[in-house]
Amino acid sequence: MEAENFDLVVIGAGVAGYVAAIRASQLGMKVACIEKGKTLGGTCLNVGCIPSKALLESSEQYHNVKHKFAKHGVICNDVKMDVGQMVKRKNDIVRQLTNGIQFLFKKNKIEWVQGLGQFESIQGDKKIIAVKADDGKVRTLSSAKVIIATGSVPSALPFLPFDGKNVVSSTEALDFTEVPATLVVIGGGVIGVEMGSVWARLGSKVTVVEFLDRILPGCDLQAAKELQKSLVKLGMEFKLSSKCLGAKAQGGKMLLEAEDMVAKAKFTLECDKILVATGRRAYSEGLGLDKIGIAVDKAGKIPVDKHWQTSVPGIYAAGDIISGPMLAHKAEEEGIAIAEHLAGQSGHVNYDAIPSVVYTWPELSSVGATEEDLKTKNIAYKVGSFQFMPNARAKAMEASEGFVKVLADAKTDKLLGVHIVGPWASELIAESVSVMEFGGSAEDIARTCHAHPTLSEVVKEAAMNVDKRAIHS
């Protein structure tokens, strides 16, 4: 079978892949994008970022009606939650957005090749890829340039495999048909606390079992502790420094056995569902990398150079399949950068200015270094912080939990990191990302006029407080 020739073939239509394909097409390339799923958008859009945020929004609305509306004078009696409708709304949002990407592919004349792609050989500078569709039919593609963007999948515990019903990954936790009376979450990372908070708001008794002595490793410790306080108020329980040993079904329930590593004592938790949220692993199975001489590292990721090129010239990789935080926006930036690099432009990703967000309520967002990072690297720094409590907009919203913390270089005042726990922290962090991208200082934020009354004034006050001159504290 004669191969179909393209200027660029992208393997994977997640955020890194579909964005790279669109940008390459904009730059004049003939592009094919291989996706084994039946919809575009990858994990983030289908079973990750977007559906989880839809559920987080629905559960927060329900929680506010039950617990906060009365303070506004809005009295709602006999409030009920229709889980089926909540999940349907989530699915509708996903469908609309996946259809949107399909429209963008057509608009940009990108060939979507549905099926599992596998490298067959390299002939000269051409990479030959066979794509096997669900119906067994095979198409053969040829291109001098290939981007691998196959993403990641949930990590299972070897002694506690997923069964899709009682022991689930984040994927199945998006589609519970009813609120579990009790839910145990293994892992206190972003996925664990986000999905745990969804079901806690809806009435589930949620217990998080975390191996470390803190939640949200990688986040600023003070910010993580502040968020944990809010989650405890919500009703979530945290078993820190605890190791999961296994679980078994008994009497219609799941019995999870764990060990408190500080007290050196075992304990058992009875629950309806167990959500294993211990992280994700890079997905490279079935790609045929061995046929073309590409090796993965111990974490299953593909090593790349500063231009995201693998050990094989002409083959690039982006997103969760390479090193760095497994974040959709990081993957998007890499996809765009590679496409522009292939077109002779200067693709750019500033890895020191990649924001991260935990979409609980209050939210937690960060960019740059944590205090722990700076101490480890012996970098002298100044700290400015400010609470949401005295902020007029936060009070009007009945959302005054949390704070903003600004970290700046002790000598130059260069902005090194910003950490926000509070209402709409996901939106507030963008200002600090921009300032860091342009090499700005805490003073740049402090001297910038912020509208009143807004939540963003807390960011300004924290920046002012780097020099101990906050006005409202």
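Author: Counted as a pair of cysteine sulfur atoms within 2.5 Å, there is one disulfide in this predicted model. The bond links Cys44 with Cys49, with a sulfur-to-sulfur distance of 2.5 Å. The angle about the S-S bond is -130°, and the link of Cys44 and Cys49 is left-handed. Accessibility is classed here by relative accessible area, with buried meaning under 20%, exposed over 50%, and partly exposed in between, for a 1.4 Å probe and protein chains only. On that scale Cys44 is buried at 14%, whereas Cys49 is partly exposed at 28%.

Cys219 takes part in no disulfide; the nearest cysteine sulfur belongs to Cys49 and is 15 Å away. Cys219 is buried, with a relative accessible area of 11%. Cys244 is likewise in no disulfide, and the nearest cysteine sulfur, that of Cys271, is 9.8 Å away. Cys244 is buried as well, at 10% relative accessibility.

As for the basis of these values, residues are numbered from 1 along each chain as its sequence is written, and side-chain values use heavy atoms, without hydrogens or water. The model being predicted, local features need pLDDT of at least 70 and side-chain atom pairs count only at pLDDT 80 or more, while totals for chains, interfaces and linings use all residues.

The helix packing comes next. Helices are DSSP runs of H or I with at least four residues, and strands are runs of E with at least two, numbered from the N terminus. Helix α3 spans residues 49–67 and helix α4 residues 83–107; their axes come within 9 Å and cross at roughly 140°. Such axes are lines fitted to C-alpha atoms, for helices over the stretch in contact, with angles from 0 to 180 degrees between N-to-C directions. The crossing of α3 and α4 is right-handed, a term used if the near helix is turned clockwise from the far one by less than a right angle, left-handed being the anticlockwise case.

With contact taken as heavy atoms within 4.5 Å, α3 contributes Ile50, Pro51, Ala54, Leu55, Glu57 and Ser58, which meet Met86, Arg89, Lys90, Ile93, Val94 and Leu97 of α4. By class, this contact has eight nonpolar, one polar and three charged residues. Nonpolar covers Ala, Val, Leu, Ile, Met, Phe, Trp, Tyr, Cys and Pro; charged covers Asp, Glu, Lys and Arg; the others, Gly among them, are polar.
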